[in-house]
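Trainee: Hello! Could you walk me through reading this structure, one feature at a time?
Mentor: Gladly; let us look at it together.

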Amino acid sequence: MPQPTKGPRLGGGPAHERLLLANLAAALFTHKSIQTTETKAKRLRPLAERLITFAKRGDLHARRRVLGIITDKGVVHELFTEIAPLMAEREGGYTRIIKTGYRKGDNAPMAVIELVLEPVTKKPASSKKSAARAEVKPAAAAPAEAAPAEELVETPEQAEAIAEDDAELDAQAGTEADAPEAEPAEADAPEAEADKA
């Protein structure tokens with residue numbers, strides 16, 4: 001059973017609330033930012049984010065689900081062709097609410113709800129995780145595939161670990177280089193035995 005929303009509904013009844021939120025969502029997708037009461041903005045946010053998630057899917061079924069809520073085909077087309085590609089890298093949090101004070105007439109708390117259209121910036125990994133990756137990468141990768149030490153260095157301890165790994169890789173490369181020289185000497189031995197016979 002769906003969890004009922006807490007507090008009074010918006011508008012006169014459930015149907016009025018659905019229409020009100022659909023119109024607010026259409027205005028949000030058209031103008032990218034709208035000013036409304038704080039309560040309406042908080043109730044609009046989950047609906048708008050769900051519609052953007054449908055738009056990111058981009059298939060016909062998702063488009064029909066959105067058209068069931070927002071009846072304006074132009075707004076739905078804009079949502080699927082312009083807004084959804086901007087949100088492709090973002091995994092949620094498509095809207096933000098900024099409180100703007102109180103309305104002059106009835107002192108209602110007002111807020112601006114807007115789409116977050118800035119590109120996503122990846123957070124840097126924590127130092128423990130990056131240190132573990134720095135130790136695992138050079139040991140697992142071949143010497144030709146290993147990244148330069150300058151890219152992986154973050155702390156002096158990590159630099160020492162990378163230098164030790166490089167020394168081990170160089171030692172392994174040195175033993176591999178010695179091995180081909182030993183093989184021709186062994187290959188010459190049977191020829192020498194053939195000459196003696």
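Trainee: Is the crossing of α2 and α3 left-handed or right-handed?

Mentor: First, a word on the model. It is predicted, so local features need pLDDT of at least 70 and side-chain atom pairs count only at pLDDT 80 or more, while totals for chains, interfaces and linings use all residues. Residues are numbered from 1 along each chain as its sequence is written, and side-chain values use heavy atoms, with hydrogens and water left out. Helices (H or I, at least four residues) and strands (E, at least two) are DSSP runs, numbered from the N terminus. A crossing is left-handed if the near helix is turned anticlockwise from the far one by less than a right angle, and right-handed if clockwise. Here, α2 and α3 cross in the left-handed sense.

Trainee: At what angle do helix α2 and helix α3 pack?

Mentor: Axes are lines fitted to C-alpha atoms, for helices over the stretch in contact, and angles run from 0 to 180 degrees between N-to-C directions. For α2 (residues 38-57) and α3 (residues 60-67) the angle is about 155 degrees, and the axes lie 8 Å apart. Angles under 35 degrees count as roughly parallel, over 145 as roughly antiparallel, 65 to 115 as roughly perpendicular and the rest as oblique. The two helices α2 and α3 are therefore roughly antiparallel.

Trainee: Which residues make the contact of α2 and α3?

Mentor: Contact means heavy atoms within 4.5 Å. From α2 come Arg-50, Leu-51, Phe-54 and Arg-57, and from α3 His-61, Ala-62, Arg-65 and Val-66.

Trainee: And what about the sheet: what is the order of its strands?

Mentor: Strands of a sheet pair through backbone hydrogen bonds, either parallel or antiparallel. Two strands count as paired if DSSP finds at least two bridges between them. This open sheet has three strands in the order β1-β3-β2, with antiparallel pairing. At its edges are β1 (33-37) and β2 (95-102), each pairing on one side only. On average, neighbouring strands of this sheet are turned by 25 degrees against each other, direction ignored.

Trainee: How many bridges join β1 to β3?

Mentor: Five bridges link β1 to β3, and Ile-34 has Ile-113 in β3 as a bridge partner. Between β2 and β3 (residues 109-115) there are seven bridges. There, Arg-96 stands opposite Glu-114, Ile-98 opposite Val-112, and Lys-99 is partnered with Ala-111. β2 and β3 also form a hairpin with six residues between them, where Asn-107 in the turn has a positive phi of about 65 degrees.

Trainee: Is Thr-36 buried or exposed?

Mentor: Buried means under 20% relative accessible area, exposed over 50%, partly exposed in between (1.4 Å probe, protein chains only). Thr-36, found in β1, is buried, with a relative accessible area of 7%. Leaving aside neighbours within four places in sequence, Thr-36 is in contact with Leu-24, Ala-41, Met-110 and Ala-111. As for β3, six of its seven residues are buried.

Trainee: Where is Thr-121 found?

Mentor: Thr-121 is in the loop between β3 and α5 (127-140). With a relative accessible area of 69%, Thr-121 is exposed.
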